[in-house]
Amino acid sequence: MPLELVPVRCLTDNYAWLLHGNGRTALIDAPEAAPILEELAARGWTLDLIALTHHHADHIQAVPELVGMTGARVMGNAADAARLPPLDLPVRPGETARICDEPAHVIDVSGHTMGHIAFHLPDSAMVFTADSLMALGCGRLFEGDAETMWASLSRLNALPAETLVCSGHDYCRGNGAFALSVDPENADLRRRLAETAAGRRPCAPSTLAEERATNPFLRVEALRDSLGLAGETDARVFAELRLRKDRF
């Protein structure tokens with residue numbers, strides 16, 4: 001059976017993700033301790049592991065309090081250890097870690113930051129992408145360039161279509177508005193935005209199939225001509241989309 005997945009709203013628009021199964025409980029990213037501890041208490045779960053995707057404060061700042069309260073071990077990218085809380089379990093892209101006693105493939109998704117990683121749990125058909133691939137969008141390029149981020153998104157896009165994409169923020173309103181501005185005839189996008197606005201579905205998680213159908217940053221082939229970039233590479237089309245989103 002897939003692991004139980006619980007989104008936890010934190011701060012203004014962050015998602016943290018609790019996973020439970022096989023007698024273990026894990027947390028993906030730690031933006032704010034109080035709502036996470038409240039959810040753990042409500043479910044009677046004991047936190048064993050905190051897996052970190054990247055070093056930004058809104059993803060790691062609750063680690064000291066959570067470790068102090070639960071004794072959970074901390075996992076993160078060995079290459080970025082200097083910018084992360086102390087790691088008990090350093091991992092590297094290409095390795096397979098264990099989360100709730102399931103294999104978790106560590107994927108390099110640099111671009112938003114260098115050293116950003118995602119965790120793919122194939123047995124539960126979930127991928128935790130934080131600020132790389134996001135619901136209806138992708139993260140800003142604070143440290144990497146467009147080619148680096150496009151390579152990261154391409155690695156994620158190669159996962160099975162049914163994979164649940166668990167991203168790090170609820171940016172659906174802004175991301176959706178931008179997506180509609182560059183892909184106005186997309187019926188799947190309009191339907192998704194209407195369902196989200198009506199409260200019939202959350203911003204995240206979404207399936208990779210849904211992101212392929214509605215996320216402009218995975219639709220470079222479909223948007224190439226309308227952007228006036230016929231003949232340009234996928235990375236160049238992605239770069240134009242990212243630039244337009246930054247200015248939107």
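This is a predicted model: local features need pLDDT of at least 70, side-chain atom pairs count only at pLDDT 80 or more; totals for chains, interfaces and linings use all residues.
**Figure 1. Strands β1 and β2 pair side by side.** Strand β1 (residues 4-10) and strand β2 run antiparallel and are joined by 7 bridges. Strands and helices here are DSSP runs, numbered from the N terminus: strands are E runs of at least two residues, and helices are H or I runs of at least four. Two strands count as paired if DSSP finds at least two bridges between them. Residues are numbered from 1 along each chain as its sequence is written, and side-chain values use heavy atoms, with hydrogens and water left out.

**Figure 2. Strand β2 also pairs with β3.** Now follow the chain onward: 5 bridges link β2 to strand β3 (residues 24-28), and these two strands run antiparallel. Gly21 has Arg24 in β3 as its bridge partner. In this hairpin, 2 residues lie between the strands, and Asn22 has a positive phi near 55°. How many residues of β2 are buried? In β2 (residues 14-21), 7 of the 8 residues are buried, so to speak "mostly covered". Buried means under 20% relative accessible area, with a 1.4 Å probe and protein chains only.

**Figure 3. Helix α1 and its cover.** In helix α1 (residues 33-43), the buried residues include Ala33, Pro35, Ile36, Leu37 and Leu40. An α-helix has 3.6 residues a turn, so residues three or four places apart point the same way. Gly44 follows α1 and has a positive phi, near 70°.

**Figure 4. The protein as a setting for the close-ups.** The secondary structure comes to 9 helices and 14 strands. Buried residues make up 52% of the 248 residues. The C-alpha atoms fill a box of roughly 55 × 40 × 30 Å along the principal axes. Among contacts with a separation of 6 or more, 58% come from residues 24 or more positions apart.

Note on methods. Buried means under 20% relative accessible area, exposed over 50%, partly exposed in between (1.4 Å probe, protein chains only). Contact means heavy atoms within 4.5 Å.
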